[in-house]
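This note gathers points on the structure for a colleague's reading. They are set out as numbered paragraphs, beginning with the surroundings of a single residue.

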Amino acid sequence: MSAAEGPLVVGVDTSTQSTKALVVDAATGRVVASGQAPHTVSSGAGRESDPREWWDALGEALNQCGEAAHEAAAVSIGGQQHGLVTLDGRGEPVRPALLWNDVRSAPQARRLIDELGGAKAWAERTGSVPSASFTVTKWAWLAEHEPEAARAVKAVRLPHDYLTERLTGEGTTDRGDVSGTGWWASGTEEYDEGILARVGLDPALLPRVVRPGEVAGTVRDGHGLPFSKGTLVAAGTGDNAAAALGLGLRPGVPVMSLGTSGTVYAVSQRRPADPTGTVAGFADARGDWLPLACTLNCTLAVDRVAALLRLDREAVEPGTDATFLPFLDGERTPNLPHSSGLLYGLRHDTTAGQLLQAAYDGAVHSLLGALDLVLDADADPSAPLLLIGGGARGSAWQQTVRRLSGRPVQIPEAKELVALGAAAQAAGLLTGEDAAAVARRWNTAAGPVLDAVERDEATLNRITGVLSDAAPLLERDVTSH
């Protein structure tokens, strides 16, 4: 390892599929070491993971970083949002965590919306209308379907909270991640005791919300990780808020993230409250807001279609009138939790490559449909769209986004933006800087810009029409028949 110019910090991304760790020079943003280890997610009706696997994966990822991790002066953990982690009195999981893409709580989401005054009341109260992804609906599902497990719970955490607490011994969270639970009031920035009472959750079971820039704690003894005792631990945050930090995002700049889920978001200085439920009114990790729309089906769904067609994921062909809605896991945007994939318009001359392109088009259509709602009305419509996530490296994704958005598309060269954002948050503890300013100093958003092309209105309109006509079919719960 070459000598660093400044102190070293660790940024962690504990995502759906794996945990990644970066050791970063706080002065320059240079990544001096990295590691990654996988975890498992259940298949079938639910999506669950054992939180202890995340801890083991964190240890493995840090061990891959070698001596650099031991030298780190601060650490921060970014993690997948919404997951319900339930712990007993010893801090052990009561049951596997219910993940963000577990949509079994869709009935509870509908019931909670009705019971607390409707969608508009929820949006005004919490900033968001809860879908099956939100933690509050998962708790309601657990209380209804596994009441003995719910009674055994002595602490409720989000995924990044769980790892932070194992490091520090303190139950903490941050405003960015807690804003995705459905039980945090965005207007007052406090837990909403009325909502908690409605779902039977004692607020004493919840973590303390750490303020932006505040130290969450220090690394305690006996953790088994290659950190020195007393290493500073930042609040951490949810993955999207961490990626926004990692980009050093300024208000009004649009971001599209192509990963297991797809997201579009932008930083705003106005508290969002979308009564349609399309936009989640998240807080960011700094003090502003992060209105965001999320789809459940993005790169994994398109890769699955490619595998079914026995094609490379880049083997797309233009010129199809077929429409493919790749809602393989149900969908959140649009809110169709019971939907499945739908193919319409197949002809004798339709090729496999055209079907694959149609799957890309369907996935991107869902994200672009929410982009105008995410952006403030005065945002520059010609500003480049920042394209991030694993899919951003793929030519087929780049060209599909470019063609359907009509915007210039910028592809930051920096990888692992969630972990980089967490590292910037950790660096801010040491320097006293705003974490986004740290990332801008590191120049993390730099990358090539693809020029705008004429927007493909015909394809967008065709997909919109099919989606509208097929809505009754897509809303049907086929598993109940």
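1. Not counting residues up to four places away in sequence, A123 touches S128, V129, R271, A273, D274 and P275. The model under discussion is predicted. A123 is part of helix α4. Its relative accessibility is 1%, so A123 counts as buried, the cut-off being under 20%. A123 and G194 lie 71 residues apart in sequence, with a C-alpha to C-alpha distance of 15 Å.

2. Helix α4 (residues 119-126) also holds R125, which takes part in a link between distant parts of the chain. R125 and D192 meet through their side chains in a salt bridge, at 2.6 Å from N to O. The two residues are 67 residues apart, and D192 sits in the loop between β11 (190-191) and α9 (193-199).

3. The structure holds 30 salt bridges. Another of them pairs R104 with D102, where the closest N and O atoms are 2.6 Å apart. R104 is partly exposed, with a relative accessible area of 26%, while D102, at 3% relative accessibility, counts as buried.

4. A further salt bridge is formed by the side chains of R175 and D284 (3.2 Å, N to O). This pair, too, links distant parts of the chain: R175 belongs to helix α8 (residues 175-178), D284 to the loop between β18 (280-283) and β19 (289-295), and 109 residues separate them. R175 and D284 are both buried. Through salt bridges that share partners, R175, E189, D284, R286, D288 and D434 are joined into one network.

5. E189 is located in the loop between β10 (184-185) and β11. With a relative accessibility of 36%, E189 counts as partly exposed.

6. H82 likewise has a positive phi in a residue other than glycine, with a value near 75°. H82 is placed in the loop between β5 (74-79) and β6 (85-87). At 3% relative accessibility, H82 counts as buried. A separate backbone feature is the cis peptide bond between T333 and P334, whose omega is about 5°. P334 lies in the loop between β20 (323-325) and β21 (342-344).

7. The largest nonpolar core comprises 62 residues, and those with the most contacts inside it are W139, W183, L201 and Y265. Which helix gives the most to this core? Helix α14 (residues 417-431) does, with 8 residues. L201 touches W139, V156, W183, L196 and L206, leaving aside residues up to four places away in sequence. A second, separate core has 35 residues, including L87, A97, Y162 and V219. As background, nonpolar side chains tend to be buried together in soluble globular proteins.

8. Y162, one of the residues in the second core, is also among the buried residues of helix α7. Of the 10 residues in α7 (residues 159-168), 9 are buried, so this helix is largely enclosed by the rest of the structure. The buried positions are P159, H160, D161, Y162, L163, T164, E165, L167 and T168. G169 follows α7 and has a positive phi, near 80°.

9. The last point concerns helix packing. Helix α12 (residues 352-374) packs against helix α16 (residues 457-474) at an angle of about 80°, and their axes are 10 Å apart. Because angles of 65 to 115 degrees count as roughly perpendicular, α12 and α16 are roughly perpendicular to each other. On the α12 side, the contact involves D361, G362 and H365, which meet T459, L460, I463, T464 and L467 of α16. Classified by type, the contact of α12 with α16 has 3 nonpolar, 4 polar and 1 charged residues.

How values were computed
Residues are numbered from 1 along each chain as its sequence is written. This is a predicted model: local features need pLDDT of at least 70, side-chain atom pairs count only at pLDDT 80 or more; totals for chains, interfaces and linings use all residues. Side-chain values use heavy atoms; hydrogens and water are left out. Axes are lines fitted to C-alpha atoms, for helices over the stretch in contact, and angles run from 0 to 180 degrees between N-to-C directions. Helices (H or I, at least four residues) and strands (E, at least two) are DSSP runs, numbered from the N terminus. Angles under 35 degrees count as roughly parallel, over 145 as roughly antiparallel, 65 to 115 as roughly perpendicular and the rest as oblique. Contact means heavy atoms within 4.5 Å. Ala, Val, Leu, Ile, Met, Phe, Trp, Tyr, Cys and Pro count as nonpolar, Asp, Glu, Lys and Arg as charged, and the others, Gly among them, as polar. Buried means under 20% relative accessible area, exposed over 50%, partly exposed in between (1.4 Å probe, protein chains only). A nonpolar core is a set of buried Ala, Val, Leu, Ile, Met, Phe, Trp, Tyr and Cys residues joined through side-chain atoms within 4.5 Å. A salt bridge is a side-chain nitrogen of Lys or Arg within 4 Å of a carboxyl oxygen of Asp or Glu.
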